[in-house]
Amino acid sequence: MKIGRIETFYVPPRWLFVRVETQDGAVGWGEASLEGWAEAVDGAFEALRDRFIGHDARRIEDIWQVAYRGGFYRGGPVLMSALAGLEQALWDLKGRAFGLPAWEMLGGKVREKIRAYAWIGGDRPDDVASAARARREQGFSAIKMNATAELDWIGTPRLFDEVLERVQAAQGEGVDVGLDFHGRVHKPMAKQLAKALEPFGLLFIEEPLLSENVEGLAQIANLTATPIALGERLYSRWDFKPFFESRSVDIIQPDLSHAGGLMECRKIAAVAEAYDIAVAPHCPLGPLALAACLQLAACTPNVAIQEMSLGIHYNVGHDLLNFVTNQDALSPVDGYLPIPEGPGLGIDIDEAAVREAHKERHRWRNPIWRQADGSFAEW
């Protein structure tokens, strides 16, 4: 099973798919999506092709270690996303060759399904309530929403009241709520807001500060009983290590298309388990990324809940399931995603549709804006 070809495809709305084919015609798919940086990740595949064309596709750990030790650890999210997409495709290829789901090769199932949550928007309580109601009617029992558009270094009770009213509006529709700060709130405000939110019993507050601020996050974790979640900006088990050691996080959110792929995130989750930390993989991305997450959920006991991008505001023109032929494998039922039973990653990609979409390469970019203090924040 020698690798014969590694292809990449720009798939709308903002995804980068990876297709690996062996010299004898076996095929596997992965996803190397890095929001707004598809061209940079695509460029990294030149080095991967030079190094691994002709390599035994079954030796996934060996390929990963050679790439990582050969310099990908220096590349942050761009290079690690490329490695993640390749690694996912190799698991898909190997599983299809042996007729096994990836989770079977990684130790077997610990569950049959995993609770899922979806994103909602809305700047006013009425908008939030309407969006939460729509998600509940889709069968979701949990949602995630923005904490706030922007906050200055210090604030007033009025600003806090606006956040609390939006949370109440969502909870009033009968759903559990996770609140995403996006790392855009400064510590003086984040401390106060975390304390004010504590009575609402949130699923978690996500990135109350940027993950670069390990000490500040530890302070906030010591101030509130609400679980602290983060991890989408961390790209290997070594990046997560300081947060485990500082006891500053309760739920980690590695992204399987950014943090080196399925096996690396399995290793991150195993270390988290030793610290009694839950896993909720970050996944506002495409179907292959979600399929990889479900393989992780199948065989990893501390995975608690799974993000999915169905109907997310980024999905303009194409939604999560558009390029999948066996859509039931990624369709939530009563707020839960089933564990795929098919070989590899468990989903089948419409290759003709992917190749057609790739003819007009997307140029998606992250929307950002300047905050009140002059700094920039992502949406």
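This is a predicted model: local features need pLDDT of at least 70, side-chain atom pairs count only at pLDDT 80 or more; totals for chains, interfaces and linings use all residues.
Residues are numbered from 1 along each chain as its sequence is written, and side-chain values use heavy atoms, with hydrogens and water left out.

With a disulfide taken as a pair of cysteine sulfur atoms within 2.5 Å, the structure holds zero disulfides. A disulfide is a covalent bond between the sulfur atoms of two cysteines. For Cys265, the closest cysteine sulfur is that of Cys293, at 7.6 Å, which is too far for a bond. In terms of relative accessible area, where buried means under 20%, exposed over 50% and partly exposed in between (1.4 Å probe, protein chains only), Cys265 is buried at 0%, and Cys283 is buried at 1%.

Salt bridges, defined by a side-chain nitrogen of Lys or Arg within 4 Å of a carboxyl oxygen of Asp or Glu, number 27 in the structure. One of them joins Glu39 to Arg365, with the closest N and O atoms 3.1 Å apart. Glu39 belongs to helix α1 (residues 38-52), whereas Arg365 is found in the loop between α12 (351-358) and β13 (368-370), so the pair ties together parts that are 326 residues apart in sequence; helices (H or I, at least four residues) and strands (E, at least two) are DSSP runs, numbered from the N terminus. Both partners are partly exposed, Glu39 with a relative accessible area of 29% and Arg365 with one of 39%.

A salt bridge is also formed between the side chains of Arg58 and Asp56, with an N to O distance of 3.0 Å. In this pair Arg58 is partly exposed, at 38% relative accessible area, whereas Asp56 counts as buried, at 14%. The side chains of Arg124 and Asp127 likewise meet in a salt bridge, at 3.2 Å from N to O; Arg124 is exposed, with a relative accessible area of 53%, while Asp127, at 30%, counts as partly exposed. Beyond these pairs, a network of salt bridges links Arg5, Glu7, Arg19, Glu21, Glu351 and Arg355.
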